[in-house]
Amino acid sequence: MALKKRILTLCFAATVTGASAQQIIAGADFATRFDNREYAGNTFNQPLTLFSARLTPRVGVEWMKKNRLVVGVELLQNFGQHNGEREPFLSDVKPLMYYRFKTDHVQANAGIFGRDELAGDYSTAFFSDSTVFYHNRLSGFLGRYRSTERPDTYVELALDWEGMLGEETREKFRILSAGRYTFGGVGYFGYAFSLFHFAMSERVDNVSDNLLLNPYVGWKFDAYFDFDVRAGMLFAPQRGRSVDNSWKKPCGGQVDIVIRKWGVKLENNLYVGGNLQPLRHAVADPETGLTYGTDGLYAGDSFYATTEHIYNRTWLGYDNSFFNGTLTIAAGMVFHYDGTGMGTQQVVQLSVNLEKLFRTGTKCGNKEM
């Protein structure tokens, strides 16, 4: 009995000592986005207007300056959304809960966490603007290594489990990876990769695999304006087993140019190549007429489904942060040319990110107990 008491006393003392080094996390993310798309002259995208606000309050605990356990909730409201004559209190409510280990070199996440935890540069061929805003969370794991000598040099791997097998839902998951290596102070090369497994539901007997690889090389320099020039390849092998079970291998090249000064940004993305989304309108279920594209096979911008071998996107506007990065404002015009016509997009987005750490425990001199 005496030995058990000593063991319990030691466990209690270790718990108190660990707890005294903890900090309480309280924070919230807020974003509102107005996105008006006038694509009547285009063949490969549809006109519509999206206007929504998202609030994500969160609380958690941090200990030893490396470990975090966070819980929160994502509250989404689509402006003007009605259910009959009644407007819902909220359009969607989703949980946020994750553990994160982070040092100068290594980061690891597990659970449901925000997309902003990713460091990789995934273009709109991977995730469209609306996907990034409305699919704001990843459910799974993330691991990343970053060089302390070259902060822009990193490699990461993530798993996002997006759906489970059900009568109306598909089993689907996405593996993401990205990396970059910088050299000479201005040069860099890297890659982005996505593997999306889109399995059958109980209603639709179909499995498809969708891969996308984007190796690139770039050059960043300052000549009064800040320039970032990049050239790369997009390679998208994929197959739909209920269509013909053969691999399609579309590819193309893309050149990106970004010019910045005082928050004003001009960005141009030119893609030349084949249709990267050949299964977008393929019929996955002949009985229901269900197509891949309307059921979530592609997260990238549908302009990359062009069959005219060209897509050009030009952003002109303002993009800047204030108050130590807690407030970000982006507003601009986007011009899209898909080989069939010119479309325009007006975007205004305001984002707020607030976080406060509250120290707990007691101190003895300058040393935490």
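**Strands and ring contacts**

In β5, M97 has I112 as its bridge partner. This is a predicted model, so local features need pLDDT of at least 70 and side-chain atom pairs count only at pLDDT 80 or more, while totals for chains, interfaces and linings use all residues. Residues are numbered from 1 along each chain as its sequence is written, and side-chain values use heavy atoms, with hydrogens and water left out.

**Strands** (DSSP runs of E, at least two residues, numbered from the N terminus)
- β4 pairs with β5 (residues 106–114) in the antiparallel sense over six bridges; pairing takes at least two DSSP bridges between two strands.
- Three residues sit between β4 and β5 in their hairpin.
- β3 and β4 are also antiparallel, over ten bridges, and R68 stands opposite R100 in β4.
- P88 is in the loop between β3 (67–78) and β4 (92–102).

**Aromatic pairs** (Phe, Tyr or Trp rings, using the six-membered ring of Trp, with centres within 6.5 Å; stacked is under 30 degrees between planes, edge-to-face over 60, tilted the rest)
- The count comes to 20 aromatic pairs.
- W161 and F173 are stacked, at 4.9 Å centre to centre and 15 degrees between the planes.
- W161 lies in β7 (residues 154–163) and F173 in β8 (residues 172–183), so this pair ties together parts twelve residues apart in sequence.
- Y304 and Y311 pair edge-to-face, at 5.2 Å and 75 degrees.

**Charges over rings** (NZ of Lys or CZ of Arg within 6 Å of the ring centre and within 35 degrees of the ring normal)
- R54 has its charged end over the ring of F133, 4.5 Å from the centre.
- R174 lies over the face of F196, 4.1 Å from the ring centre.

Note on methods
Helices (H or I, at least four residues) and strands (E, at least two) are DSSP runs, numbered from the N terminus.
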